[in-house]
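These are my notes from one sitting with the model. I went from single residues to the contact between chains.

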Amino acid sequence: MSQATGGGSSTSWQQPDTPPFLRIEGVVKRFGDFVAVDGVSLDIYRKELFCLLGGSGCGKTTLLRMLAGFEQPSEGHIYLDGSDMTDAPPYERPVNMMFQSYALFPHMTVAGNVAFGLKQDRVPAPEIKRRVTEALDLVQLGPFAKRKPHQLSGGQRQRVALARCLIKRPKLLLLDEPLAALDKKLREQTQFELMTIQEEVGITFIVVTHDQEEAMSLSTRIAVMDRGQIAQVGTPTEIYEYPRTRFTADFIGSINFFDGKVTGREGEALTVDVPVLGISLQVRSEIELPPGREVCVAVRPEKISISREPLDLPNVLRGKVRDLGYLGNLSVYRVELDGGRLVKVSTANTLHSTEREVDWDDMVYLGWRSSAALVLSE
Amino acid sequence: MTTAQPTPDPRRPFPKTRRKPRFWTRGKGAVTAVPYFWLLLFFLLPFAIVLKISLAEPLIAQPPFTPLFGPDGALQATLDNYRFLWEDHLYIVAYLNSLKLAGVSTLLCLLIGYPMAYGMAKAPPALRNILLLLVILPFWTSFLLRVYAWMGILRNNGLINNLLLGLGVIDQPIQMMNTDFAIYIGITYSYLPFMILPLYAVLERLPGDLVEAAQDLGCRPWKAFATITLPLSVPGIIAGSLLVFIPAVGEFVIPSLLGGPDSLMIGRVLWDEFFGNRDWPVASAVAIALLLVLVVPIMMFQRMQLRREGA
């Protein structure tokens, strides 16, 4: 898509000639009759922080376990840095994994846990010592080297697990729900630490998560998975602003859908007749869709203006405020349209006031620009 | 502070404070107290009696030992019986032989039981309960009956010998009954479940991702077993070994049914002293000495348990 609004312009996944660092090619995983991963192909580039996002049972963890070597794909291939590692056992892959449970060895100290990987490679003792100190400093756990895992807090354990994976300098680091076991405040803080560390060490990270906010704020790119397949791959902005399917649009953030039929085109905008609303909506779209095509118009709540005064916008609806939620930074409304349809709207609380512009049971106008909505044909 | 102070009663200057509920009268304490009382009554009391008898001299009378206090009220205790145990090498040989037979059997149980427990712990959950049931199944038959069954298997004209003779592998029956070999078979067979169950309990609780993490960090499967699984299953190994070793040392039925005349075990010696020689004081001294031999491993077990709980 040309509307891509990624970060820097030199990012490798946007340059067509960069060879992928990790190539997943038509990977299928079956457990008996159940297809956990159903034909996934993905190209992931060097130094990316790539997120596999999906609900439980979508196959994201199975895919990660195949990358680590704990599961063998039923079909397809996995190439890392040019070499086929589809059938390599976990102990021969330049890949390390951070487990959701952290899987710290309870009978070893923090330093023992972190040194474990290097000992397996028969790295000389003085170098192990130096690198363990380095790794523990990186995650700010130097003073805790002699503790046992059960003497640490959840956040500290998470950092030990991270140090234990990083110390082997893997080509690829896999993180299974790295922040799921932490409380909210710690999660936000750790999220940024994770990003900083990733930039510092320059290792390609693949993160599995079910938390869309986490995926949005962490990653360079996200692959949204649904029932074993990749629903969409893109930067967080692409995924949020230009979801390609109804599933992706619904999974990431909150959204309103209006089913309708294309009736024609007026300049940049398609006209979509929505029977439920009894009106036509104007949606900007570059994709040419023939009249009569069944589509879905999707609008995010924060892109809808809400007012008691009539609005001068191409798409305007009228309704009554049924629900109002004050979240501090945001206010969310559920507005019942004349036809009984509920529409979610949210506004930023920019004014410092306890007065409400729009209140319960107010008759309001909802409106949005034609460029604020999306047409989904899948 | 504005809280109203109650005016003190001049006769009772210290207001009666509610006593803290005592441990033993609270529900939790009472539940603990009952088994403790039981143990006190049925372990400590007989132990005290046996200790008393071990300090007496034998008599041809009823009961066959001198009372603790003579007719003049003087204490008549003697350590002669213990001295006798020490001087007659029969007893020391029997103790050492018991330790050896029990020790080797424990090792055999561990070698057979560990892979079994490991296999059970790694089996699919539905199969696990069936396997567990199969381990416990022998307990549904009498212990004595199962030892007799081994006699039928190991006899000169028993199952094994007849099979081997019939196949022409041997032309003389192999002497298996009444040997140490038969005792090893008997003890290992009888006590194997006591090794498997604690090992299984430990291995089953071991998170699978620890081994995966070890492999992920570069361990081959056998190395992951040696560095992760084995050290983490040490509590199970110790518990299982003690559960096999302690009763095996004092085992009486197996050596007397399967063992030969020269495979001395302390349990048999004890029986012979009590019922053959009717020398109750020496028999009691044997029993007390056996207890002392076993106290060391029991203490080890206790310390291990404490350390595990502390961890």
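I began with A:Tyr102, which lies in the loop between strand S6 (95-98) and helix H2 (110-120) of chain A. Helices (H or I, at least four residues) and strands (E, at least two) are DSSP runs, numbered from the N terminus. The phi of A:Tyr102 is near 75°, a positive value in a residue other than glycine. I looked up its accessibility: A:Tyr102 is buried, because its relative accessible area is 6%. In these notes buried means under 20% relative accessible area, exposed over 50%, and partly exposed in between (1.4 Å probe, protein chains only).

Before going on I noted the ground rules. This is a predicted model, in which local features need pLDDT of at least 70 and side-chain atom pairs count only at pLDDT 80 or more, while totals for chains, interfaces and linings use all residues. Residues are numbered from 1 along each chain as its sequence is written, chains are lettered from A and ligands numbered from 1 in the order in which they are written, and side-chain values use heavy atoms, with hydrogens and water left out.

Entry: positive phi in chain B. B:Arg278 is not a glycine, yet has a positive phi of about 50°. I found B:Arg278 in the loop between helix H12 (266-276) and helix H13 (280-310) of chain B. B:Arg278 counts as partly exposed, because its relative accessibility is 41%.

Entry: the record. UniProt, in an unreviewed entry, lists residues 22-252 of chain A as "domain: ABC transporter". UniProt positions are given in the numbering used here, feature names are shortened, and annotations may be inferred rather than shown by experiment. I checked the span 22-252 of chain A in the model: its end C-alpha atoms lie 25 Å apart, and it is 36% helix and 26% strand.

Entry: A:Phe50. I placed A:Phe50 in strand S3 (residues 49-53) of chain A. A:Phe50 counts as buried, because its relative accessibility is 0%. Contact means heavy atoms within 4.5 Å. I also took one distance: A:Phe50 and A:Leu136 are 86 residues apart in sequence and 24 Å apart in space, C-alpha to C-alpha.

Entry: A:Ser331. This residue is in strand S17 (residues 330-337) of chain A. A:Ser331 counts as buried, because its relative accessibility is 5%. The side chains of A:Ser331 and A:Asn349 make a polar contact at 3.0 Å. A polar contact is a pair of N or O atoms within 3.5 Å; within protein, one must be able to donate a hydrogen and the other to accept it, and residues adjacent in sequence count only if both atoms are side-chain atoms.

Entry: salt bridges. I searched the whole structure and got 25 salt bridges over all chains. The rule asks for a side-chain nitrogen of Lys or Arg within 4 Å of a carboxyl oxygen of Asp or Glu. One of them joins the side chains of A:Asp259 and A:Arg246 (3.1 Å, N to O). This pair links distant parts of the chain, with A:Asp259 in strand S11 (residues 256-266) and A:Arg246 in helix H8 (residues 246-251) of chain A, 13 residues apart. A:Asp259 is partly exposed at 44% relative accessibility, and A:Arg246 is partly exposed at 34%. Salt bridges that share partners join A:Arg46, A:Asp81 and A:Lys171 into one network.

Entry: the two chains. Chain B and chain A bury about 1800 Å² between them, 61% of it on carbon and sulfur atoms. Buried area is the accessible area (1.4 Å probe) that two parts lose on being put together, summed over both. B:Glu212, B:Asp216 and B:Leu217 supply 38% of the area that chain B buries against chain A, more than any other three residues. The contact takes 18 residues from chain B and 23 residues from chain A.

Which polar links cross this interface? I found two salt bridges and nine residue pairs in polar contact, both residues at pLDDT 80 or more. On the side of chain B that touches chain A, H8(B) gives the largest share, seven residues. That side divides into 10 nonpolar, three polar and five charged residues. Ala, Val, Leu, Ile, Met, Phe, Trp, Tyr, Cys and Pro count as nonpolar, Asp, Glu, Lys and Arg as charged, and the others, Gly among them, as polar.

Last entry: A:Arg65. The side chains of A:Arg65 and B:Glu212 meet in a salt bridge (2.6 Å, N to O), and both residues are buried. A:Arg65 also forms a salt bridge with A:Glu71 (3.3 Å, N to O).
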